Amino acid sequence: MESFGENWVFLARLLTALLLGGLIGLERQSRGRAAGLRTNILVCLGSAAIIVAFQKLSLEMNLGAESVIRMDPARAAAGVITGIGFLGAGTIVKSRDFVRGLTTAASIWVVSAVGVTVGLGEYFISIFLTLLVLVTLYALHRLPVNADQYSSLHLSWKGDLT
């Protein structure tokens with residue numbers, strides 16, 4: 001049986017994923033979005049956990065380059081990112097006049113990337129990525145950019161058409 005000391009690196013990665021996903025989730029929650037604090041934490045944790053489990057299994061099975069069994073971390077990450085795309089698509093609502101949820105879908109997707117980078121042990125990249133996401137969500141939201149404006153034009157004809 002493995003001791004806690006042997007797993008501390010993996011546990012630290014999961015706790016980091018919880019923290020970084022939570023920071024992004026707080027921003028989404030503060031704006032009243034459907035995917036808020038808990039959703040972002042779960043997406044980040046789940047993404048990190050898949051990568052961590054993949055790496056742990058690879059280490060335990062002692063799979064090297066000469067092994068017949070190949071465990072490519074890029075394939076695990078691709079599966080995570082693809083699966084999260086379906087979750088994000090569920091947050092997008094299209095009406096006749098507007099589309100809502102694109103930023104929420106994008107934030108869910110990028111939070112999964114944060115989780116993958118944390119799971120790989122790339123702390124600098126994951127922390128910097130989280131900061132970039134927060135700058136994008138907080139600061140760019142405040143920019144005075146004119147949004148597209150839509151209107152409808154209804155024409156009616158009164159009179160004789162002959």
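A: Phe-124 counts as exposed because its relative accessibility is 68%; here buried means under 20% relative accessible area, exposed over 50% and partly exposed in between, with a 1.4 Å probe and protein chains only. The model is predicted, so local features need pLDDT of at least 70 and side-chain atom pairs count only at pLDDT 80 or more, whereas totals for chains, interfaces and linings use all residues. Residues are numbered from 1 along each chain as its sequence is written, and side-chain values use heavy atoms, leaving out hydrogens and water.

Helices (H or I, at least four residues) and strands (E, at least two) are DSSP runs, numbered from the N terminus. Phe-128 has a relative accessible area of 44% and is therefore partly exposed.

The two residues also meet through their side chains. A pair of aromatic rings is described by the distance of the centres and the angle of the planes. Rings of Phe, Tyr and Trp (its six-membered ring) pair if their centres lie within 6.5 Å; planes under 30 degrees apart are stacked, over 60 edge-to-face, and the rest tilted. One aromatic pair is counted by this rule. Its rings belong to Phe-124 and Phe-128, with centres 6.2 Å apart and planes at 5°, so the pair is stacked.

Both phenylalanines also belong to a nonpolar surface patch of about 620 Å², which Ile-125, Ile-127, Leu-131 and Leu-132 complete. Patch members have over 30% relative accessible area and no salt bridge; like charges are joined within 9 Å, and nonpolar side chains (Val, Leu, Ile, Met, Phe, Trp, Tyr) within 5 Å. The areas come from the Shrake-Rupley method with a 1.4 Å probe, and for residues only the protein chains shown count as cover.

The helix that carries the pair, H5, spans residues 123–139. Its 17 residues reach 23 Å from first C-alpha to last, close to the 24 Å expected at 1.5 Å a residue; the expected span is 1.5 Å times one less than the number of residues. Ser-126, Thr-130, Val-133, Leu-134 and Leu-137 are the buried residues of H5. They cover an arc of only 100° around the axis, and therefore sit on the same side of H5; the arc is that of the directions from the helix axis to the C-beta atoms.

Ala-76, Ala-77, Val-80, Ile-84 and Gly-88 are buried in H3. These residues fall within an arc of 110° seen down the axis, so they line one face of the helix. Ala-74, Arg-75 and Phe-86 are exposed on the other side of H3.

Charged contacts are found elsewhere. Two salt bridges are counted, each defined as a side-chain nitrogen of Lys or Arg within 4 Å of a carboxyl oxygen of Asp or Glu. Glu-27 meets Arg-28 at 2.8 Å, N to O, and Arg-31 at 2.4 Å, N to O. These bridges share partners and join Glu-27, Arg-28 and Arg-31 into one network. Glu-27, at 0% relative accessibility, is buried, and Arg-28 is buried as well.

As for the whole protein, five helices and two strands are present, in the order α-α-α-β-β-α-α along the sequence. Of its 162 residues, 33% count as buried.
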